[in-house]
There are 2 protein chains.
Amino acid sequence: MAGTDRSQDSSRTPGDPFAPVVILVRPQLGQNIGAAARAMLNCGLYELRLVQPRDGWPNPKARILASGAESVLDDTRVYPSVAEATGDLHRIFATTARRRDLAKPVVTPEEAAREIRGLAGAHGARCGLLFGPERTGLHSPEVAAADAILHIPLNPAYASLNLGQAVLLVAYCWWDQASATPNQYVHEHPFNDYVNDTGDGPARREAVDALLTHLERELTAARFWKSEAKRPVLWRSLVTYLLRGAPRESEVSLLHGVVTALSGRRADGRLRGAPRPKGK
Amino acid sequence: MAGTDRSQDSSRTPGDPFAPVVILVRPQLGQNIGAAARAMLNCGLYELRLVQPRDGWPNPKARILASGAESVLDDTRVYPSVAEATGDLHRIFATTARRRDLAKPVVTPEEAAREIRGLAGAHGARCGLLFGPERTGLHSPEVAAADAILHIPLNPAYASLNLGQAVLLVAYCWWDQASATPNQYVHEHPFNDYVNDTGDGPARREAVDALLTHLERELTAARFWKSEAKRPVLWRSLVTYLLRGAPRESEVSLLHGVVTALSGRRADGRLRGAPRPKGK
């Protein structure tokens with residue numbers, strides 16, 4: 001359907017600085033990247049990131065399909081990992097079609113949109129929307145590392161969506177709430193439902209990742225893992241619990257302090273206790 | 001994204017008898033008819049009607065694109081005019097991308113969905129959703145003959161949607177209003193609506209308290225509190241964060257293990273490291 005108002009130059013349209021970032025993880029087909037870019041621009045999303053696109057980047061097939069939405073592709077950046085693609089963001093939604101056995105919040109596109117707008121309004125936070133490869137979807141560890149699962153509730157007898165359509169539905173739900181969102185919705189938001197000592201906002205993802213790295217290192221040093229075979233499961237459970245609490249900036253600092261203190265180092269890096277046991 | 005539950009036979013799924021009918025007027029490309037059929041089935045719509053399809057009917061290209069949604073195409077009927085295609089319906093929404101100078105109600109997909117469900121519930125009425133040809137959209141007389149204009153509010157700087165996407169957005173808005181899916185599983189029903197790695201439930205409060213006591217004791221032993229004056233504030237922040245994640249039984253055990261390991265004791269209670277520094 002032709003419907004663009006050509007008097008408006010889309011490349012100059014100022015995007016909402018708190019609009020969510022779309023992150024395509026290992027996308028296979030350039031056509032789908034182009035379709036995702038179109039769906040984004042339809043709904044006022046401008047920032048697309050790619051993690052390990054199968055056919056490299058830039059991809060001419062993406063440009064063909066993006067007709068009119070090339071501005072999104074021009075600004076697209078490529079990252080080597082999900083962690084690097086999401087480091088500066090505050091809350092990550094992993095889009096999944098299948099059920100995943102993870103103790104993690106599962107939200108609809110509408111609820112995700114409310115959370116994204118709530119976080120932006122209350123804390124100036126930016127969120128990320130992760131979409132997996134066409135054939136397989138996201139790997140479980142990638143879903144586990146996200147803050148919440150975004151599930152599009154479709155006809156269970158026929159839930160197959162292509163990548164461009166999935167991006168379109170999620171983006172549309174965000175766009176649609178621009179004017180219709182009641183003012184009081186922020187009070188329903190989980191981040192606003194409790195009193196915070198410091199009034200600060202959710203931590204950036206890279207800060208959370210640094211905390212997890214710190215904790216994992218100290219657990220390894222403390223020989224916490226019963227075996228290498230059990231380690232991934234234990235770690236995933238722990239990460240799932242820690243992310244569920246959606247730590248704020250001040251809490252991440254506090255937790256660094258806890259890990260540092262318990263593991264016997266002072267904040268200045270000097271060892272508090274005695275040498276590690278043999279084998280360390 | 002693969003997500004269909006193959007245990008459910010979509011061809012036998014009983015549709016909502018008051019679901020709206022999708023009517024494609026003079027569709028040009030078979031591929032788009034197939035894409036529309038998929039989008040319909042995604043969202044629980046089963047009845048597709050065609051008015052003067054350019055390439056005749058049936059159309060093999062539609063079947064290729066409809067993969068999995070052939071049941072919709074099998075039941076598709078062809079009509080010579082919009083009037084004949086809509087004669088048995090009660091209210092007709094004409095989807096348009098461009099503004100039309102017609103003194104006619106203009107509704108969003110959400111409002112159309114509410115009206116369609118309201119008419120079905122109150123009067124057993126069935127509605128029709130008209131979509132025009134890809135290139136030009138509906139003729140003005142066709143729009144004028146409809147009861148209301150359905151306008152999808154997209155980014156005015158880039159409002160171009162293909163036919164399949166337009167059907168998807170409108171159908172999803174209808175489907176979504178019946179969906180039994182709560183917007184957010186975890187926060188509204190913290191312990192019942194999502195699956196957990198271990199299948200266990202929330203920890204009893206006394207177990208959580210024991211964990212907190214364990215942690216507080218080890219933090220004190222590690223001289224974590226900067227001062228007694230700051231201690232209550234730090235501890236309250238930490239407890240707030242830890243409780244927010246609503247730990248389960250298995251997670252409480254895991255966290256005991258983490259505290260024990262980091263603080264230098266094995267699970268059997270023996271000291272792993274060396275004596276505490278002076279003053280402990």
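**Figure 1. The open sheet of chain A.** In this predicted model, seven strands of chain A form an open sheet with parallel pairing, in the order β3-β2-β1-β6-β4-β7-β5. The edge strands of chain A are β3 (77-79) and β5 (106-107), each of which pairs on one side only. Helix α5 (residues 109-123) of chain A packs on this sheet. The strands that α5 touches are β4, β5, β6 and β7 (148-151) of chain A. The direction of α5 makes about 165° with that of β4(A), and an angle over 145 degrees counts as roughly antiparallel.

Figure 2. Strand β6 of chain A covers residues 127-131, and five of the five are buried, so the strand is largely enclosed by the rest of the structure. Both faces of β6(A) are covered. On one side lie the buried residues A:C127, A:L129 and A:F131, and on the other A:G128 and A:L130, also buried. Strand β1 (residues 21-25) of chain A runs parallel to β6(A) and is joined to it by four bridges. Within this pairing, A:V22 stands opposite A:L129, and A:I23 has A:L130 as its bridge partner. Strand β4 (residues 91-96) of chain A is also joined to β6(A) by four bridges, and these two strands run parallel. Here A:I92 stands opposite A:G128.

**Figure 3. The open sheet of chain B, with one of its edges.** Chain B has an open sheet of seven strands with parallel pairing, and its order is β3-β2-β1-β6-β4-β7-β5. At the edges stand β3 (77-79) and β5 (106-107) of chain B; each has a single partner strand, so one side of each is left without a neighbour in the sheet. Strand β2 (residues 48-51) of chain B is joined to β3(B) by three bridges, and the two run parallel. B:V51 in this pairing stands opposite B:Y79 of β3(B). Helix α7 of chain B lies across β1 (21-25), β6 (127-131) and β7 of chain B. The helix runs at about 155° to β6(B).

Figure 4. B:I152 is placed in the loop between β7 (148-151) and α7 (163-176) of chain B. Its relative accessible area is 6%, and the residue is buried because buried means under 20%. B:R98 is 54 residues from B:I152 in sequence, while the two are 9.8 Å apart in space, C-alpha to C-alpha.

**Figure 5. Two helices of chain B packed together.** Two packed helices are described by the angle between their axes and the distance between the axes. Helix α9 (residues 205-221) and helix α11 (residues 249-262) of chain B pack at an angle of about 10°, and their axes are 10 Å apart. Angles under 35 degrees count as roughly parallel, and α9(B) and α11(B) are therefore roughly parallel to each other. On the side of α9(B), the contact is made by B:A207, B:V208, B:A210, B:L211, B:H214, B:L215 and B:E218. These meet B:V252, B:L255, B:H256, B:V259 and B:T260 in α11(B). The residues of this contact divide into eight nonpolar, three polar and one charged.

**Figure 6. Aromatic pairs.** A pair of aromatic rings is described by the distance of the centres and the angle of the planes. Over all chains, the count comes to four aromatic pairs. In one of them, the rings of B:F224 and B:W225 have their centres 5.2 Å apart and their planes at 75°, so the pair is edge-to-face. B:F224 is buried, with a relative accessible area of 6%, and B:W225 is buried too, with 9%. B:W225 also forms an edge-to-face pair with B:W235, at 5.9 Å centre to centre and 85° between the planes. This pair links distant parts of the chain: B:W225 lies in the loop between α9 and α10 (231-244) of chain B, and B:W235 lies in helix α10 of chain B, 10 residues apart. Both B:W225 and B:W235 are buried. In chain A, the residues A:F224, A:W225 and A:W235 form one aromatic cluster.

Conventions
Residues are numbered from 1 along each chain as its sequence is written. Chains are lettered from A and ligands numbered from 1 in the order in which they are written. This is a predicted model: local features need pLDDT of at least 70, side-chain atom pairs count only at pLDDT 80 or more; totals for chains, interfaces and linings use all residues. Side-chain values use heavy atoms; hydrogens and water are left out. Buried means under 20% relative accessible area, exposed over 50%, partly exposed in between (1.4 Å probe, protein chains only). Two strands pair if DSSP finds at least two bridges between them. Axes are lines fitted to C-alpha atoms, for helices over the stretch in contact, and angles run from 0 to 180 degrees between N-to-C directions. Angles under 35 degrees count as roughly parallel, over 145 as roughly antiparallel, 65 to 115 as roughly perpendicular and the rest as oblique. Contact means heavy atoms within 4.5 Å. Ala, Val, Leu, Ile, Met, Phe, Trp, Tyr, Cys and Pro count as nonpolar, Asp, Glu, Lys and Arg as charged, and the others, Gly among them, as polar. Rings of Phe, Tyr and Trp (its six-membered ring) pair if their centres lie within 6.5 Å; planes under 30 degrees apart count as stacked, over 60 as edge-to-face and the rest as tilted.
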